[in-house]
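Good morning, colleagues. Please have the sequence and the three-dimensional view open while I speak.

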Amino acid sequence: MSIKELSRYFITLLACVALCSSCISKKEVLYFQDIESLTGQNQNTNYNTVIRPDDLLSVTVSSQDPESVAIFNPVAGAANALRTSNDRLGTYLVDKDGNIEFPYLGTLAIANKTRIEAIQLLRDRIREFAKEAVIDLRILNFSISVLGEVQRPGTFTIPNERITVLEALGLAGDMTIFGERKTVKIIREEEGVKTYGELDFTSIDLVNSPFYYLQQNDVIIVSPNKAQIQSGAFNRNSTIFISIAGIVISVLTILTR
């Protein structure tokens, strides 16, 4: 092989290495590749969010007779005078034991209850003061985090208690082309114990996972796929590699003149 042919071979090899380092197959990118099997399946609606210690709750009590429930709304009731200017009126922090201190009702054990169950507990306790009380309870700090190979990683506050992992990825701008679709991890903490699950976004079975509906403070992690890992390794060494390749090509060009 002549020096000129060797030079051409070397340049071609370099181009092939650069090209192959970023190759991604169709099966690694497409979502729900077996979506046809979804027809006829029962919908998974298991998304009952429970109240946990350190949750921040907003509670408002209303009635056709506002005076009968004024004592339960600090912004208008007598309890307002006992609160400092730094307190957030109408909000209650669930303590480490799972309790809140509610005006005139005292200590209420509210942790591990769903929103509906907590409302029913308050309604039962308030009934002796106002029979037709309407209670609005919301979790103010319901948030999820999306990290890794997504367009806009970050923490997002959710205005209600229902969000799917698909909606969460939508908030983060979807996965990048380099996100590993088959092993998306969800980290969750329940009663002080951390657990995790893996979701395969190429399969429609995802919708039946207990991690399909998210809970407050869930963390979604999208790992880079093999192409991105290989590309990262190539890019870290690309400056040195290209410099050496340039010197070699220059020497071969001079020798072939």
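This is a predicted model: local features need pLDDT of at least 70, side-chain atom pairs count only at pLDDT 80 or more; totals for chains, interfaces and linings use all residues.

The protein chain contains 5 helices and 10 strands. Of its 257 residues, 35% count as buried. Turning to contacts between residues at least 6 apart in sequence, 65% of them join residues at least 24 apart.

Let me begin with the sheet of 3 strands. This sheet is open, its strands follow the order β2-β1-β5, and the pairing is antiparallel. At the edges are β2, residues 91-93, and β5, residues 134-139, each of which pairs on one side only. On average, neighbouring strands here are turned by 25 degrees against each other, direction ignored.

Strand β1 covers residues 56-62 and runs antiparallel to β5, with 6 bridges joining the two. If you wish to locate this pairing on your screen, look for serine 58, which stands opposite arginine 138 in β5. Helix α3, residues 115-126, packs on this sheet and touches both β1 and β5. The direction of α3 makes about 145 degrees with that of β5.

I now move to the sheet of 5 strands. It is also open, with the order β7-β6-β10-β8-β9, and its pairing is mixed. Which strands stand at the edges? They are β7, residues 154-157, and β9, residues 193-199. Each has a single partner strand, so one side of each is left without a neighbour in the sheet.

Isoleucine 187 has valine 219 in β10 as its bridge partner.

At the other end of the strand order, β6 and β7 are antiparallel as well, with 4 bridges between them. A hairpin of 5 residues connects β6 to β7. In a regular strand, the side chains alternate between the two faces of the sheet. In β7, Gly154 and Phe156 form the covered face, whereas Thr155 and Thr157 form the uncovered one.

This brings me to serine 143, which lies in strand β6, residues 143-148. Is serine 143 buried or exposed? Its relative accessible area is 14%, and the cut-off for buried is under 20%, so serine 143 counts as buried. Across the pairing, serine 143 stands opposite threonine 157 in β7. Leaving aside neighbours within four places in sequence, the contacts of serine 143 include Thr155, Phe156, Thr157 and Ile158. Gln215, Gln216, Asn217 and Asp218 are also among them.

Finally, the largest pocket. The space within it is about 360 Å³. It is lined by 18 residues, and those closest to its centre are Arg52, Glu189, Glu190, Glu191 and Gly192. Which strand gives the most to this lining? It is β8, with 4 residues. By class, the lining of the largest pocket has 8 charged, 6 polar and 4 nonpolar residues.

Thank you for your attention.

Key:
Residues are numbered from 1 along each chain as its sequence is written. Side-chain values use heavy atoms; hydrogens and water are left out. Two strands pair if DSSP finds at least two bridges between them. Axes are lines fitted to C-alpha atoms, for helices over the stretch in contact, and angles run from 0 to 180 degrees between N-to-C directions. Contact means heavy atoms within 4.5 Å. On a 1 Å grid over the protein atoms alone, a cavity is a set of points where a 1.4 Å probe fits but cannot get out, and a pocket is an open set with protein on both sides within 12 Å along at least five of seven lines; lining residues have an atom within 4 Å of a point. Grid points are joined across faces, edges and corners, and a volume is the space filled by probe spheres set on the points. Ala, Val, Leu, Ile, Met, Phe, Trp, Tyr, Cys and Pro count as nonpolar, Asp, Glu, Lys and Arg as charged, and the others, Gly among them, as polar. Buried means under 20% relative accessible area, exposed over 50%, partly exposed in between (1.4 Å probe, protein chains only).
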